[in-house]
Amino acid sequence: MTVIDGTSRSTPATTAPTRPTPGTASAVDACRAAPEPHPRPTGRDSYTISEVVAYTGLTAHTLRWYERIGLMPHVDRSHTGQRRFTNRDLDWLAFVGKLRLTGMPVADMVRYAELLREGESTFEARQELLEATRRDVIARIAELHDTLAVLDHKIDFYAGARRAPERHSA
């Protein structure tokens with residue numbers, strides 16, 4: 001069976017309650033919104049590896065690697081041995097893609113998948129892993145905001161230098 005988080009993907013995305021950002025009392029956290037469901041053909045629940053490549057943008061090599069390392073622990077096979085991915089697999093790959101964007105190490109993603117397969121007794125460990133990743137993302141966002149401020153300052157400097165009248169020497 002393929003692992004997947006217990007959230008439903010069949011309902012439209014809604015905005016979750018906001019969580020204050022550190023240092024503020026009521027900042028809106030747009031990252032708390034539920035993900036948009038992945039567009040799929042109606043009534044289908046079996047996809048070849050080439051179809052999954054087209055849907056996800058991942059390579060076939062990456063999909064096979066995910067399976068080999070335990071990030072995609074079990075993908076069904078056809079009677080000829082070809083991989084057959086399900087909607088749950090696509091949902092899982094979408095989640096893994098988000099984890100990749102956070103910068104979470106592959107080893108931690110595999111650990112999360114293992115914890116998920118172990119069941120409800122691992123809720124706390126999974127939550128801790130995701131909270132640690134969230135803290136890392138918030139720190140990276142703060143660094144990026146600082147970097148953006150430096151870029152904006154330099155851009156403003158150069159824009160101002162072009163507008164300044166030429167200096168004449170005495």
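Tutor: Let us begin with Ser78, which sits in the loop between strand E1 (76–77) and strand E2 (83–84). Strands (E, at least two residues) and helices (H or I, at least four) are DSSP runs, numbered from the N terminus. This is a predicted model, in which local features need pLDDT of at least 70 and side-chain atom pairs count only at pLDDT 80 or more, while totals for chains, interfaces and linings use all residues. Residues are numbered from 1 along each chain as its sequence is written, and side-chain values use heavy atoms, with hydrogens and water left out.

Student: Why is Ser78 called buried?

Tutor: Buried means under 20% relative accessible area, exposed means over 50%, and partly exposed lies in between (1.4 Å probe, protein chains only). Ser78 has a relative accessible area of 17%, so the residue is buried. In space, Ser78 and Ser46 are 9.8 Å apart, C-alpha to C-alpha, although 32 residues separate them in sequence.

Student: What makes the contact between Arg77 and Glu67 a salt bridge?

Tutor: The term requires a side-chain nitrogen of Lys or Arg within 4 Å of a carboxyl oxygen of Asp or Glu. For Arg77 and Glu67 the N to O distance is 3.6 Å, and the pair is accordingly a salt bridge. Arg77 lies in strand E1 and Glu67 in helix H2 (residues 60–69), so the pair ties together parts that are 10 residues apart in sequence.

Student: How do you know that Glu67 and Arg77 fall into their accessibility classes?

Tutor: Glu67 has a relative accessible area of 16% and is therefore buried. Arg77, at 44%, counts as partly exposed.

Student: What makes Glu67 and Arg83 a salt bridge?

Tutor: Their closest N and O atoms are 2.5 Å apart, which meets the criterion for a salt bridge. Glu67 lies in helix H2 and Arg83 in strand E2, so this pair ties together parts that are 16 residues apart in sequence.

Student: Why is the separation of Arg111 and Glu114 described as about one helical turn?

Tutor: The description applies because Arg111 and Glu114 are three residues apart in helix H4 (residues 106–118). The two form a salt bridge, with closest N and O atoms 3.8 Å apart. Arg111 has 39% relative accessibility and so counts as partly exposed; Glu114, at 31%, also counts as partly exposed. Elsewhere, salt bridges that share partners join Glu67, Arg77 and Arg83 into one network.

Student: Why is Leu151 called partly exposed?

Tutor: Leu151, which is found in helix H5 (residues 123–163), has a relative accessible area of 47% and is therefore partly exposed.
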